[in-house]
Amino acid sequence: MSRTFSTCLLILLAAASCTGPVQNGRETIPLVEHIAASADSPDHVLLSSFAKIPSSGSIFVAGSPQVCTLIGNSFRDCDDFDNVRARFFSDGLKDFSGETIALAADEAFAPYGDFVASNGGAAMREVTVRTALAALKEKCSISIYDIEGNKSKAPAKIIVLADPWMLYCGKFDVDTLFSLTSCNVPVVSPLELLAKSAFAGEKKYFNVGLMCDSLYIGTGVYKSVFEEKVAEYSIMGTSYFEAATPSSEGQILAGFLDKYAESGNTAPLDVLLVDDWSVDRQALMDELSLIRDFHKEESMRYGKMISPDFTIFCSSDLTMHECYLTMRKLSLFTHRIALPELKFYTIKPLPGREAQEFLLIPSENV
């Protein structure tokens, strides 16, 4: 058995342990049960205080270091809405003007696929819950020696769990904990938004392609989420193909379709789900226009590989739009006249502890 195959098998087996048999027939983890049952505990009191969400809070993003930076830049530069009426067109004003985007780069447990393979899905579920708790706290650590946490920070008013493993191993537990403690802070998963785009609306997509970072290829996390959502939305007759984002600039869509064909697929794709924040959606749409243009060579080569209604969804756009519209609906904007501000934090292991506890430290202090 090859080392690569063995690693993938370990990850798949560990991922299977992420979900167990109090909502929708699933059990949550002991940490959630303990906090929910302990009304006087600091964590329960903290969560219950968010029945009303403070507009002064931050957009809290947690994930691997490289993804956090990409997400932060996307939120900072986003200008897709008219900020007066929320119509979908650029008005020259940044959509998240006046907001603080707190980026928690996990250097303790990421990459999560390796962590799940080594520690099991239950450990990843606990990491995800503890990350959500850290997002809501008004304190973080000054350094790795500050165990108690003595530095002030803005609590989260919306949380983005950026990594697919956080959806598969943990978001259910965060949602359960928040529900049981009356915490109303919205929790967003980019991958969950992709899945809803494909299956939850009136139009269903049956032949699905997914493009992602090469780090996740072969781990099974995307396919597992895909299969869960197919069952959740009672979709019949679906097929799924995933491939890493091609490296050739200007030929990302073509490169993906090449991989699709090389794998022996002949049925035209109905949808492409892109879970890679480094990919420019407009560049993909420009490529798609070439494929649909019968005056271009690309149409002959790739035209039959996509359906007439072929659609592209990118988790980056979906996430920013979801956050914007949710914050508008709940009146969570600060309305400060300022450019969006990025604040960087690093997640570090708690010294001397083997459990899934950690410190959240401003990056400049690490």
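First, some ground rules. This is a predicted model, where local features need pLDDT of at least 70 and side-chain atom pairs count only at pLDDT 80 or more, while totals for chains, interfaces and linings use all residues. Residues are numbered from 1 along each chain as its sequence is written, and side-chain values use heavy atoms, with hydrogens and water left out.

So, confidence. pLDDT is the predictor's confidence in each residue, on a scale from 0 to 100. The protein's mean is 91, and 93% of its residues reach 70 or more. Where does pLDDT stay under 50? One stretch is residues 1–17, with 23 contacts beyond four places in sequence, and another is residues 19–24, with 15 such contacts. Contact here means heavy atoms within 4.5 Å.

Now the helices. Helices (H or I, at least four residues) and strands (E, at least two) are DSSP runs, numbered from the N terminus. Two packed helices are described by the angle between their axes and the distance between the axes. The axes are lines fitted to C-alpha atoms, for helices over the stretch in contact, and angles run from 0 to 180 degrees between N-to-C directions. Under 35 degrees counts as roughly parallel, over 145 as roughly antiparallel, 65 to 115 as roughly perpendicular, and the rest as oblique.

Take helix 2, residues 30–37: its axis and that of helix 6 come within 9 Å and cross at roughly 40 degrees, so the two are oblique to each other. Leu31, Val32 and Ile35 of helix 2 touch Glu126, Val129, Arg130 and Leu133 of helix 6. For residue classes, Ala, Val, Leu, Ile, Met, Phe, Trp, Tyr, Cys and Pro count as nonpolar, Asp, Glu, Lys and Arg as charged, and the others, Gly among them, as polar. That gives this contact five nonpolar, no polar and two charged residues.

Next, helix 10 (252–262) and helix 11 (281–291) pack at about 65 degrees with axes 8 Å apart, which makes helix 10 roughly perpendicular to helix 11. Ile252, Leu253, Ala254 and Leu257 meet Leu284, Glu287, Leu288 and Ile291.

On a 1 Å grid over the protein atoms alone, a cavity is a set of points where a 1.4 Å probe fits but cannot get out, and a pocket is an open set with protein on both sides within 12 Å along at least five of seven lines; lining residues have an atom within 4 Å of a point. Grid points are joined across faces, edges and corners, and a volume is the space filled by probe spheres set on the points.

The largest pocket has a volume of about 610 Å³. Of its 20 lining residues, Lys137, Ile147, Glu148, Phe358 and Leu359 are the closest to its centre. The lining has nine nonpolar, two polar and nine charged residues.

And the largest cavity? What classes line it? Nine nonpolar residues, with no polar and no charged ones, around about 70 Å³ of space.

Last, the backbone. Ala110 and Pro111 are joined by a cis peptide bond, omega about 0 degrees. Ser182, in the loop between helix 7 and strand 6, has a positive phi near 60 degrees.
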